[in-house]
Amino acid sequence: MNANQFLKAVSQLQGWRECAFLLALAERSFPNYALFADAVDLKTGAKMRQLLDLAWDLLQKDVSESAIPQLLAKLEALSPDVNAYDAYGVYPAFDFCQLLEQALLSRLNPGKHRATDASQMATATVVNFIELSEGEDLDEDELVRLLDQHPLMKDDKAFQRELVLDLKRQRTPTDQFVARLREEAGNDGVSNLGISLNE
């Protein structure tokens, strides 16, 4: 699947598939939030984990109109203010919140396509991290080469492509399928930035 085929496939995601795609992106980036919350002593990691779990549970259920706005309000309360911290970690943490917000909004308003932007947002988190950690003294060509060859970029690309193919092949969101999707997205607690909850 080349880049154009991937973009087309993402743009065609609808309904539960789109929501599952967004949730899987959020799941993959959850450790970025949890580790930031820990580092700055926010004590919100467990609450956010519960919120993400609830969002996954909603994937297979009919949801009352009022449930999603309540979850969105909770998410807003748990989201860090990027202007309040000097630490770089606030940005990937905030990106996670944005992805989860898109997943919840896709349940509230399934008619609006969100997967393409979210896919790019998740990749941008990785790009920014690599640029900051390894790209400081590089010119543009060197940076392009670095990003092109970087294991984190390759992982992100492989994960998103596999995810889209999985969703296209699946007819209904069965319990087994959703459980497998969550597990693969969870990546044993290692985020899209290669940082781990278990270290």
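Modeller: Helices (H or I, at least four residues) and strands (E, at least two) are DSSP runs, numbered from the N terminus. By that definition Asp 188 is found in the segment after helix H9 (175-186). The model is a predicted one, in which local features need pLDDT of at least 70, side-chain atom pairs count only at pLDDT 80 or more, and totals for chains, interfaces and linings use all residues. Residues are numbered from 1 along each chain as its sequence is written, and side-chain values use heavy atoms, with hydrogens and water left out.

Colleague: Why is Asp 188 called exposed?

Modeller: Buried means under 20% relative accessible area, exposed over 50%, and partly exposed in between (1.4 Å probe, protein chains only). Asp 188 has 68% relative accessibility and therefore counts as exposed. Its phi is near 55 degrees, a positive value in a residue other than glycine.

Colleague: Is Asp 41 buried or exposed, and how do you know?

Modeller: Asp 41 has 55% relative accessibility, so this residue counts as exposed. Asp 41 lies in the loop between helix H2 (15-39) and helix H3 (45-58), and its phi is near 60 degrees, also positive in a residue other than glycine.

Colleague: What makes Thr 125 buried?

Modeller: Thr 125, in helix H6, has 3% relative accessibility and therefore counts as buried. Contact means heavy atoms within 4.5 Å. Leaving aside neighbours within four places in sequence, Thr 125 is in contact with Asn 32, Tyr 88, Pro 92, Asp 95, Asn 192 and Leu 193.

Colleague: Why are H6 and H8 called roughly antiparallel?

Modeller: Axes are lines fitted to C-alpha atoms, for helices over the stretch in contact, and angles run from 0 to 180 degrees between N-to-C directions. Angles under 35 degrees count as roughly parallel, over 145 as roughly antiparallel, 65 to 115 as roughly perpendicular and the rest as oblique. Helix H6 (residues 115-134) and helix H8 (residues 151-169) pack at about 170 degrees, with axes 10 Å apart; H6 and H8 are therefore roughly antiparallel. Among the residues that meet are Val 126 and Phe 129 in H6 and Leu 152 and Met 153 in H8.

Colleague: What makes the protein chain as compact as a globular protein of its length?

Modeller: The chain has nine helices and zero strands. The radius of gyration is taken over C-alpha atoms, and the globule rule is 2.2 Å times the number of residues to the power 0.38. For 199 residues the rule gives 16 Å, and the chain's value of 17 Å is close to that, so the chain is as compact as a globular protein of that length.
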